Amino acid sequence: MAQLSIIIHPDPRLKKVSNPIVEITDRIRQLSFDMLETMYQASGVGLAAPQVGITERLVVMDCSNEGEKKDVILINPKIVWSSEDEASFEEGCLSIPDIRENITRPKSVIVKFTGLDNEHREEVFEDLWAICIQHEIDHLDGKLFIDYLGPMKRSLITRKMKKLKKELSRKL
Ligand SMILES: [Zn+2]
């Protein structure tokens, strides 16, 4: 398994709408495992392919409690139902390091997706899992969690990230 480099906002690749995956090839399998490895290394709970520069509809997640391990790989995930009940959660993003903001989203969702075994599934996601899958599917549609914030807050965060990227490039 290899660790992939995570793209930091702002970057045009994070704004693209990703393409559906038509066939689960060895490349997709390898990419899924590499993304999981990358996510665990970064202590994240979810990662979408566009965050590693691949504009394909692939998401990996693990929102289980510390000590447990329950990774989920979702190919072409699609929300088919959202609850009216909402929950507010302090979200972060591996592409927007060290920023956390409260975002309100439906508390539970039903998601249709394909597994690595090519099986079509439909599963209920609740609480943190529901928040996470909505956040990740947004990535596949070129949307970031800061897009839910007001324009002032959003541009402040974007300025901070530009500064961070400059500092990181100097270190290399
Ligand atoms: Zn994210």
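What follows is a walk through a predicted model, beginning with a sheet and ending with some backbone details.

**Stop 1: the sheet.** Show the strands. Five of them form an open sheet, in the order β1-β2-β3-β6-β7, with antiparallel pairing. Which strands are at the edges? They are β1 (46–48) and β7 (120–126), each of which pairs on one side only. Neighbouring strands of this sheet are turned against each other by 40° on average, direction ignored. As background, strands of a sheet pair through backbone hydrogen bonds, either parallel or antiparallel.

Stop 2: Select residues 72–82, which are β3, and residues 108–114, which are β6. These two strands pair in the antiparallel sense over five bridges.

Stop 3: α1 lies across β1, β2 (58–61) and β3, and runs at about 40° to β2.

**Stop 4: Gly46.** Now select Gly46, in strand β1. Is Gly46 buried or exposed? Gly46 counts as buried because 26 C-beta neighbours lie inside 10 Å, and the cut-off for buried is 20 or more. Leaving aside neighbours within four places in sequence, the contacts of Gly46 are Met39, Val59, Val60, Met61, Cys132, His135 and Glu136. Then select Val72 as well: Gly46 and Val72 are 26 residues apart in sequence, and their C-alpha atoms are 9.3 Å apart in space.

**Stop 5: two positive phi angles.** Most residues other than glycine have a negative phi, and most peptide bonds are trans. Keep that in mind for the remaining selections.

Go to Asp98 in strand β5 (residues 96–106). Asp98 is not a glycine, yet has a positive phi of about 65°. Asp98 counts as exposed because 8 C-beta neighbours lie inside 10 Å, and the cut-off for exposed is 12 or fewer.

Next, select Asp127 in helix α2 (residues 127–140). Asp127 is not a glycine either, and has a positive phi of about 50°. With 12 C-beta neighbours inside 10 Å, Asp127 counts as exposed.

**Stop 6: a cis peptide bond.** Finally, select His9 and Pro10 and show the backbone atoms. What is the peptide bond from His9 to Pro10? This peptide bond is cis, with omega near 0°.

Definitions and conventions
Residues numbered from 1 in each chain as written. Predicted model: local features only at pLDDT ≥ 70, side-chain atom pairs only at ≥ 80, totals over all residues. Helix = DSSP H or I, 4+ residues; strand = E, 2+ residues; numbered from the N terminus. Pairing = 2+ DSSP bridges. Axes fitted to C-alpha atoms, helices over the stretch in contact; angles between N-to-C directions. Contact = placed C-beta atoms within 7 Å.
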